[in-house]
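The structure is shown first, and the points follow by topic.

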Amino acid sequence: MAFLALLIALAAPVWAQDRMDRLMRDLLIFDAHVDTPRYVMDEGYQFAEQHSYYELDIPRMKKGNLGAVFFGVYVQPQDFSRDLWVQRTLECIDAFHEEVRRNSREMEVAYTAADVERIRKAGKRAALVSLEGGHLIMDSLPVLRDYFRLGVRYMTLAHFRSNNWADSMTDVAVHNGISSFGREVIGEMNRLGMIVDVSHISDKAVFDAVEASKAPVIASHSSVKAIAPIPRNMPDGVIRAIAKKGGVICINFHAGYLNQAAHDVYIGNRPARDAEIKALLDSQRSNPRRWEMVRAIQKRYYELMPKVDVKALLEHIHYVAKLVGAGHVGLGSDFDGISGMTPVGMEDVSRYPVLVKGLMDMGYSDDDIRKIMGGNLLRVMRANEAVAEK
Ligand SMILES: [Zn+2]
């Protein structure tokens with residue numbers, strides 16, 4: 001018996017490696033929220049080359065076996081006046097399409113779940129586009145429809161501020177959730193087949209959105225309040241409501257969202273950090289090195305935060321899986337939207353295999369790993385396409 005136990009112990013790592021290799025061969029890794037397009041637009045950032053900064057480019061996507069990504073487009077009211085919102089949104093969507101076109105041998109824009117699977121099968125990476133903040137439709141359903149025509153396949157109902165029809169989690173509630181016009185917006189999104197994203201919105205707004213939507217919703221980049229009780233994270237009741245509707249909670253990788261202590265340091269230092277960045281950008285308008293200088297400031301503040309290990313990210317995933325099942329959790333890294341505040345061991349898109357290995361070690365089945373790493377998000381996309389008017 002002792003001999004047999006020894007044999008099993010020796011063979012276990014080989015089996016684990018075999019299983020990992022087998023899984024990685026046909027696994028779809030699908031990230032619900034990455035913010036790279038504004039770097040393409042503002043800084044001429046290129047997907048084709050490998051960088052030592054930011055969190056996504058094609059060489060690193062290949063290394064991490066990232067098969068599909070929702071690229072987020074956002075324009076914050078504190079950064080741009082209302083008359084620039086649509087123009088800036090359109091320019092950012094254009095930057096997304098142009099950058100994918102320039103890399104058409106490696107990437108292709110996907111408009112449907114079937115596109116994602118076809119593009120993946122062809123050995124390329126599927127690129128999708130999403131909008132963050134319902135204010136970007138300017139209270140106009142025609143504008144919403146135009147965004148859909150440009151490829152937008154989900155919209156986060158509100159961003160950091162409440163808008164004319166949806167309350168943000170990080171602002172005063174002005175509608176007690178979603179207004180009656182907000183429900184019309186959701187109805188139109190369902191009709192088009194655009195997924196309703198409930199990240200950033202108030203808990204009451206999530207309950208309203210879940211009730212109003214005919215199709216499953218997503219939280220594209222939100223973590224767990226029971227582990228890290230910070231405003232941007234979701235309480236159990238909200239997680240349950242999203243799951244009950246058939247939706248998926250895609251966990252945000254922001255170190256300050258995964259860990260309360262890291263969050264407190266980040267929030268405490270944020271005003272000083274942002275003031276430094278603003279002063280720099282104002283004074284270095286024509287300096288081609290200004291973005292590099294911004295990154296140096298961000299890095300200096302990041303280093304003041306307690307280190308958060310990738311294990312914390314796995315804990316958030318595990319918590320949701322235990323609470324509502326592995327069929328309702330996914331990945332919404334928020335890479336390139338979190339100012340470099342990544343967990344140790346999950347620094348960029350090349351690191352997704354670490355999560356696969358972590359889930360294997362935690363006892364997840366192949367089937368559940370497939371769901372978590374991307375299958376759930378694809379399922380919700382399909383469910384939204386099914387309710388859309390043909
Ligand atoms: Zn966000």
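The chain divides into domain 1 (28–259 + 313–387) and domain 2 (260–307). The model is a predicted one. The C-alpha centres of domain 1 and domain 2 are 24 Å apart.

**Contact between the domains**

- Across the boundary, 13 residues of domain 1 are in contact with 12 residues of domain 2.
- Helix H10 (residues 255–258) supplies the largest share of the domain 1 side that touches domain 2, namely 3 residues.
- That side of domain 1 is made up of 8 nonpolar, 4 polar and 1 charged residues.

**Nonpolar core**

- The largest nonpolar core holds 112 residues, and Ala209, Ile218, Ile242 and Ile249 have the most contacts inside it.
- Helix H13 (residues 310–324) gives the largest share of this core, 9 residues.
- Both domain 1 and domain 2 contribute residues to the core, so it lies between them.
- Leaving out residues up to four places away in sequence, Ala209 touches Leu157, Ile178, Ile186, Val196, Val198, Ile201 and Val217.

**Helix H5**

- Ala113, Val116 and Arg120 are buried in helix H5 (residues 113–121).
- Viewed down the axis of H5, the buried residues fall within an arc of 55 degrees, so they line one face of the helix.
- An α-helix has 3.6 residues a turn, so residues three or four places apart point the same way.
- Strand E2 (66–74), strand E4 (125–132) and helix H15 (366–387) are among the elements that cover the buried residues of H5.
- Gly123 follows H5 and has a positive phi, near 80 degrees.

Note on methods
Residues numbered from 1 in each chain as written. Predicted model: local features only at pLDDT ≥ 70, side-chain atom pairs only at ≥ 80, totals over all residues. Buried ≥ 20, exposed ≤ 12 C-beta atoms within 10 Å, placed from the backbone. Helix = DSSP H or I, 4+ residues; strand = E, 2+ residues; numbered from the N terminus. Arc of directions from axis to C-beta. Contact = placed C-beta atoms within 7 Å. Core = buried A, V, L, I, M, F, W, Y, C linked by C-beta atoms within 7 Å. Domains from an automatic or database assignment. Nonpolar A, V, L, I, M, F, W, Y, C, P; charged D, E, K, R; others polar.
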